[in-house]
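This report goes through selected features of one structure, shown below.

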Amino acid sequence: MEREIIVSVVMPVFNESRYIGPCVESLLQQDYPREQMEWIFVDGNSTDDTVARLEEYRKQYPDLIRIKNNPRKIVPYAMNIGIAAASGRYIVRLDAHADYREDYISKCVYYLDHIEADNVGGLAETKSRGFTGNTIAKMLSSRFGVGNSEFRTNGKSGYVDTVPFGAFRREVFSRYGGYDERLVRNQDNEMNYRIRKNGGKIYLADDIHLSYYCRDSVKGISDMALKNGMWNVITMKLCPGAMGLRHFIPMLFVLSIVVLGIGGIFFRPAWGLLFLELALYLALDLIFSVKLASSAKQLLLLICLFPIFHISYGIGSIKGIFKLFSKEYRGSDYAAPKI
């Protein structure tokens, strides 16, 4: 007798050796019936032992786990490959840099069954490893660090503009199209914007929980901020409306420092405004750092991390503006493929 698949989990993976074991183990603890699920891992040509480890799990659970290849490597291609291969009524998009509470999938399905929503998600608790990583996690969980990102800062249940990863009704992708394959980053924001633009709804449930593992070094988080900042601008150009004002505040902050600093040469009161802006920023930096820190050492690191993160993000966005002049990112009549 052929089993009925209700939930198709789709997970893009690339060089996830450090994270794939705990991630899969958390999925094996899910209270949703395994016989009603399929897990589709889409690998972007990993160069570590990610696929070998997944193959070991597949041997143990051959009816549950499938492994697909993504020669284009980036996430939207992986998602579209996985969705096209999926047979479930619901598509649950997961990430290997996370683990999931045992009722994660069952609660996603519950809300999709009982709430008027095309996509449902929950709260992401940011975690990491080691002293620096744990300090970065605290920064990324604060409103001063990431603004009003509800799913990162313990938001309450309700309709929102986006959620992490997401659990979708299958017909979303045949009605609105799959993931935008031009976007190296921000594909979730764009997907959720397209759903809302076409009359759909995104729901955040505060009793759905996952733990997301962030970068664990200063270089790693600054590199991430640079790339995110750059792709925010590119996404704004390619997909107008997909990004909110909060995504560009770091760029405005960096530009204001540059403009006021240069402007002071010709109009000295500009330096006074620059001093006030930096004094306010440093005061907020100190207040939030004191609030978050659990030791003097962590306090010092947090005081440094906030400006490193914000300035890197802003510089990345400025870099993105220059990228827009290249042929690659000029406007086009692109439409996401319907799946």
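## Helix α5 and its cover

In helix α5 (residues 130-140), the buried residues are G133, T135, I136, A137, M139 and L140. Buried means under 20% relative accessible area, exposed over 50%, and partly exposed in between (1.4 Å probe, protein chains only). Helices (H or I, at least four residues) and strands (E, at least two) are DSSP runs, numbered from the N terminus. Among the elements that cover the buried residues of α5 are β6 (119-127), α6 (143-146), α9 and α12 (296-323). Contact here means heavy atoms within 4.5 Å.

The model is predicted: local features need pLDDT of at least 70, side-chain atom pairs count only at pLDDT 80 or more, and totals for chains, interfaces and linings use all residues. Residues are numbered from 1 along each chain as its sequence is written, and side-chain values use heavy atoms, with hydrogens and water left out.

## Salt bridges

A salt bridge is a side-chain nitrogen of Lys or Arg within 4 Å of a carboxyl oxygen of Asp or Glu. The count by this rule is 14 salt bridges.

One of them joins E55 and R58, with an N to O distance of 2.7 Å. The two residues are three apart in helix α2 (residues 50-60), so about one helical turn separates them. E55 is partly exposed at 25% relative accessibility, and R58 is partly exposed at 31%.

D188 and R93 also form a salt bridge, at 3.3 Å, N to O. This pair links distant parts of the chain, with D188 in helix α8 and R93 in strand β4 (residues 90-93), 95 residues apart. Both D188 and R93 are buried.

A further bridge pairs K219 with D223, where the closest N and O atoms are 2.8 Å apart. K219 is exposed at 59% relative accessibility, while D223 is partly exposed at 28%. In helix α9 (residues 218-238) these two are four residues apart, which means that about one helical turn lies between them. Elsewhere, salt bridges with shared partners join R93, D95 and D188 into one network.

## The second largest pocket

A pocket is an open set of points on a 1 Å grid over the protein atoms alone, where a 1.4 Å probe fits and protein lies on both sides within 12 Å along at least five of seven lines; lining residues have an atom within 4 Å of a point. The second largest pocket has a volume of about 230 Å³, volume being the space filled by probe spheres set on the points, which are joined across faces, edges and corners.

Its lining has 14 residues, and E190, R194, K197, C239 and Y334 lie nearest the centre. Helix α8 (residues 187-197) gives the largest share of this lining, four residues. By class, the lining of the second largest pocket holds eight nonpolar residues (Ala, Val, Leu, Ile, Met, Phe, Trp, Tyr, Cys and Pro), five charged (Asp, Glu, Lys and Arg) and one polar (the others, Gly among them).

## Three loop residues

D103 sits in the loop between β5 (98-100) and α4 (104-114) and is buried at 15% relative accessibility. Leaving out residues up to four places away in sequence, D103 touches Q30 and D31.

Most residues other than glycine have a negative phi. N45, in the loop between β2 (37-43) and α2, has a positive phi near 65°. K73, in the loop between β3 (65-69) and α3 (75-85), has a positive phi near 75°. N45 is partly exposed at 32% relative accessibility, and K73 is partly exposed at 48%.
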